[in-house]
Amino acid sequence: MKKVFLLFLLISFSAFSQKTFDNIQSEKLGEERRITIGLPDSYEANPNKKYPVLYLLDGDYLFDPFSGAAKYGNYWDDLPEMIIIGIHQNKDGERYEDTTIDQNTGLPFEKGADFFEFIGAELIPYIEKKYRTVPFRIIAGHDTTASFINFYLYKEQPLFKAYICLSPELAPKMEVRIPEQIAKIKEPFYYYLSVADGDIKKIKEPVEKLDSNIKIANNSLVNYKYDLFKGTTHYTEVLHSIPSALYHIFEVYRPINSTEYKDKIAVLQSGYADYLENKYATMSNVLGVQIPVRMSDFKVIENLILKNNAYDELGKMAEIANVQYPKAMLGEYELGLMYEKMGDPKRASKRYQNASQMEPIGELNKDLMYEKMEEMNTLAKQSK
């Protein structure tokens with residue numbers, strides 16, 4: 001019976017987590033298009049949760065490596081769960097017609113113009129009507145499709161918030177037009193560009209020029225990363241690029257690590273609590289990812305505040321705690337800690353007493369609060 005139950009669990013998990021397929025009848029293309037859909041493992045279990053969406057051109061061969069990297073990153077809580085949509089373009093060489101451009105204007109032409117409209121006017125509305133999504137959309141492609149995705153950046157309001165261009169075979173004038181558009185961006189935006197040192201000259205030189213021009217544009221709202229992978233080919237560099245791109249775009253999502261602590265937090269003179277609040281506000285407001293402040297991140301900031309004697313910031317930490325964990329003792333504990341460090345044991349004791357009546361969280365529990373109350377009461381008596 002135990003073996004049967006285990007087999008049932010494995011089958012259920014496999015069926016739940018496997019990719020599915022769908023066919024979309026496109027009026028723009030005058031044909032049916034097949035797509036691969038990857039839903040997060042939590043999709044059915046969390047009916048109110050919404051997810052970012054990653055759209056993949058060349059989905060026939062990019063879906064599995066992107067899906068694997070995304071699941072691996074999510075396992076370690078470095079990447080959020082996301083919906084992945086792969087557009088099939090390689091059954092009969094559709095990718096070449098899909099990316100047709102006018103060599104004079106450098107813009108989508110004929111079937112390319114239709115495919116451009118298919119994604120924006122048909123595919124995205126279809127996905128956002130059928131699935132629970134947030135406005136943060138990512139698009140990725142490889143060589144000719146990596147070039148094609150940049151046409152969405154030409155629009156006054158870019159359709160996607162993040163672009164992943166893997167060894168793009170750039171369209172005419174693109175190395176100039178992309179930086180011009182990037183310079184105009186007025187909200188947080190993500191752009192990833194990569195190339196292999198084994199790529200042909202026709203691909204490498206325009207990409208290197210594009211990289212140089214994007215850096216000259218120097219828009220502080222654009223989170224930009226360029227990778228040149230040594231010892232790789234036009235095809236093998238893709239496997240190096242995918243995790244690099246995803247970790248770049250979702251860098252703010254990751255729990256505070258040693259690099260973030262050293263380069264971004266420890267160098268601050270003040271505003272440690274503000275940094276924590278802004279980190280999670282960016283996750284919510286920009287990425288559309290809603291998660292409570294991790295206790296590990298909270299503890300890192302608390303320790304830094306104590307190390308730098310910035311005790312007044314514990315009041316701000318209490319505000320964050322009361323918003324994130326309103327029923328837990330964390331907020332009252334932070335206020336108690338603030339008064340304790342500021343030399344006011346009487347008020348500290350009162351806050352610890354309040355905390356003792358609330359729900360434990362992390363390492364905080366009733367026994368600790370009682371110990372802190374007794375300690376503060378002793379100090380208050382000694383100060384009389």
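Student: Which residue stands opposite L166 in β8?

Tutor: H142 stands opposite L166. Keep in mind that this is a predicted model.

Student: What makes β7 and β8 count as paired strands?

Tutor: Two strands pair if at least two bridges are found between them. β7 and β8 share five bridges, in the parallel sense. Five meets that cut-off, so they count as paired.

Student: Which strand does β8 join with five bridges, running parallel?

Tutor: That strand is β9. There, L166 has S194 as its bridge partner.

Student: Why is β8 called largely enclosed?

Tutor: Count its residues. Strand β8 covers residues 162–166, and five of the five are buried, so the rest of the structure largely encloses it.

Student: Which way do the residues of β8 point?

Tutor: A162, I164 and L166 point one way. Y163 and C165 point the other way. Both sets are buried.

Student: What is the strand order in the open sheet of eight strands?

Tutor: The order is β1-β2-β4-β3-β7-β8-β9-β10, and the pairing is mixed.

Student: What makes β1 and β10 edge strands?

Tutor: Look at their partners. β1 (20–26) and β10 (222–229) each have a single partner strand, so one side of each has no neighbour in the sheet. From one strand to the next, the twist averages 20 degrees.

Student: How do you know that β3 and β4 pair?

Tutor: Four bridges join β3 (residues 51–56) to β4 (residues 83–87). The cut-off is at least two. So they pair, and they run parallel. One of the bridges puts L54 with I84 in β4.

Student: Which helix packs on the sheet and touches β1?

Tutor: Helix α4, residues 111–130, does. It also touches β2 (31–38), β3, β4 and β7 (133–142). Its direction makes about 125 degrees with that of β1.

Student: Which strands does helix α10 lie across?

Tutor: Helix α10 (residues 272–287) lies across β3, β7 and β9 (189–196). It runs at about 80 degrees to β7.

Student: Why is T99 called buried?

Tutor: Buried means under 20% relative accessible area. T99 has 9%, so it is buried. T99 sits in the loop between α3 (94–98) and β5 (101–102).

Student: What does T99 touch, leaving out residues up to four places away in sequence?

Tutor: T99 touches T144, T145 and F148.

Student: Why is Y370 called partly exposed?

Tutor: Partly exposed lies between buried, under 20%, and exposed, over 50%. Y370 has 41% relative accessibility, so it counts as partly exposed. Y370 lies in helix α15, residues 366–382. Beyond four places in sequence, Y370 is in contact with S356 and Q357.

Student: Where is K366, and is it buried or partly exposed?

Tutor: K366 is also in helix α15. Its relative accessible area is 37%, so K366 is partly exposed. K366 touches M329, S356, Q357 and M358, not counting residues up to four places away in sequence. A polar atom of its side chain lies 2.5 Å from the backbone oxygen of S356.

Student: Which atoms come within 3.2 Å at the start of α15?

Tutor: A side-chain oxygen of N365 and the backbone nitrogen of D367.

Note on methods: Residues are numbered from 1 along each chain as its sequence is written. This is a predicted model: local features need pLDDT of at least 70, side-chain atom pairs count only at pLDDT 80 or more; totals for chains, interfaces and linings use all residues. Side-chain values use heavy atoms; hydrogens and water are left out. Helices (H or I, at least four residues) and strands (E, at least two) are DSSP runs, numbered from the N terminus. Buried means under 20% relative accessible area, exposed over 50%, partly exposed in between (1.4 Å probe, protein chains only). Contact means heavy atoms within 4.5 Å. A polar contact is a pair of N or O atoms within 3.5 Å; within protein, one must be able to donate a hydrogen and the other to accept it, and residues adjacent in sequence count only if both atoms are side-chain atoms. Axes are lines fitted to C-alpha atoms, for helices over the stretch in contact, and angles run from 0 to 180 degrees between N-to-C directions.
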